[in-house]
Amino acid sequence: MAKYDIYGVGAALVDTEIEVQDSDLQTLSIDKGLMTLVDEARQAELIAHLSDHLTTSKRASGGSAANTIIGASYFGASTYYSCKVANDDNGRFYLQDLRDAGVDFVNGELPEGTTGKCLVLITPDAERSMNTFLGISETLCPNNLNPDAIAESEYVYLEGYLVTSATGRPAAIEARKLAEQSGVKTALSLSDPGMVMYFKEGLQEMIGDRVNLLFANKEEAMGWTETDNIEAACEAMKATADCFAITLGAEGAILFDGEQLHKVDAPSVKAIDTNGAGDMFAGAFLYGITQGMSYPHAGALACRAAAQVVSQYGPRLRAEQHQEVLSTI
């Protein structure tokens, strides 16, 4: 039996969420609904422009794979996370969040530098637009992996955002190779339409011949397969992954378990913040299948967890909410 259900690799970012209007995005020339990499000066410039909005800001540890791993851990999965933070207030805040969630990680001396930060702008339609300064997280590299922990895991989970880093991409590739050598299943999230649009070749390197499980939303799936409808995308995705999960927002998700497709509905909720929804879906789904749930059962849990996330502010559920969601399935 594996020591860890899921071993994650990804960015370590401290999120600051701010509620804004669409006019703010237009004024600041921010691409709505996408993740945009920025330097620290640009991030500071954005915060200065939005200074009158800061009363509505909230700080949370994030990073796509981290949200997934922390969510899975609170549901009850055994987890490990490889990331990189600096010896600063945000870095210590971040690692304490991992500890509180029961996530294992390398607990060594922290390097000097700046922990990554993500400015998440939420518009009234609940869409999130992210401006990310990766900071020291950009230097995550193969040396930050724990090969022993990988070998002792059931799944290795990689976030697609690593494709943008000159050292993070090789780390993801190495993690996949180590997993394959040890007979550990591999899972990857395409993460963002922008990653598929601008970094497809790098994502293909991360995937290699194929992964066991691929996560995508509808736009990412159609972009990845270069199709214009979800049915064609589902068929084409079989060339990339043994199994996959495609999220459809309020319409639920389409799952392929290696043999057949399943459609899972989502609960009807009022969405106010979509930040973290896909991450939570992946975390709940991975928890479910590593605990023996069928794809439809795990998908129902994942849709319910994601629906709860979008109905409140912040990229994750509160600790006690995980068991509340589990009790409804």
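The residues lining the second largest pocket of this predicted model divide into ten nonpolar, four polar and two charged. That pocket has a volume of about 300 Å³, and strand E5, which covers residues 79–82, supplies the largest share of its lining, namely three residues. Strand E5 is also an edge strand of an open sheet, a sheet that is built from eight strands.

**The second largest pocket**

- The lining comprises 16 residues, and those that lie nearest the centre of the pocket are Cys83, Lys84, Val106, Gly108 and Asn144.

**The eight-stranded sheet**

- The strands of this open sheet follow the order E5-E1-E8-E9-E10-E11-E12-E13, and their pairing is mixed.
- At the edges stand E5 and strand E13 (261–264), each of which pairs on one side only.
- On average, and with direction ignored, neighbouring strands of this sheet are turned by 20 degrees against each other.

**Strands E11 and E12**

- Strand E11 (residues 241–247) and strand E12 (residues 253–256) run antiparallel and are joined by four bridges.
- Within this pairing, Ala245 has Leu255 of E12 as its bridge partner.

**A helix on the sheet**

- Helix H10, formed by residues 230–237, packs on the sheet, where it touches strand E10 (211–217) as well as E11, E12 and E13.
- The direction of helix H10 makes about 155 degrees with that of E11.

Definitions and conventions:
Residues numbered from 1 in each chain as written. Predicted model: local features only at pLDDT ≥ 70, side-chain atom pairs only at ≥ 80, totals over all residues. Heavy atoms only, no water. 1 Å grid on protein atoms, 1.4 Å probe; cavity = no way out; pocket = protein on both sides within 12 Å on 5 of 7 lines; lining within 4 Å. Points joined across faces, edges and corners; volume = space filled by probe spheres on them. Helix = DSSP H or I, 4+ residues; strand = E, 2+ residues; numbered from the N terminus. Nonpolar A, V, L, I, M, F, W, Y, C, P; charged D, E, K, R; others polar. Pairing = 2+ DSSP bridges. Axes fitted to C-alpha atoms, helices over the stretch in contact; angles between N-to-C directions. Contact = heavy atoms within 4.5 Å.
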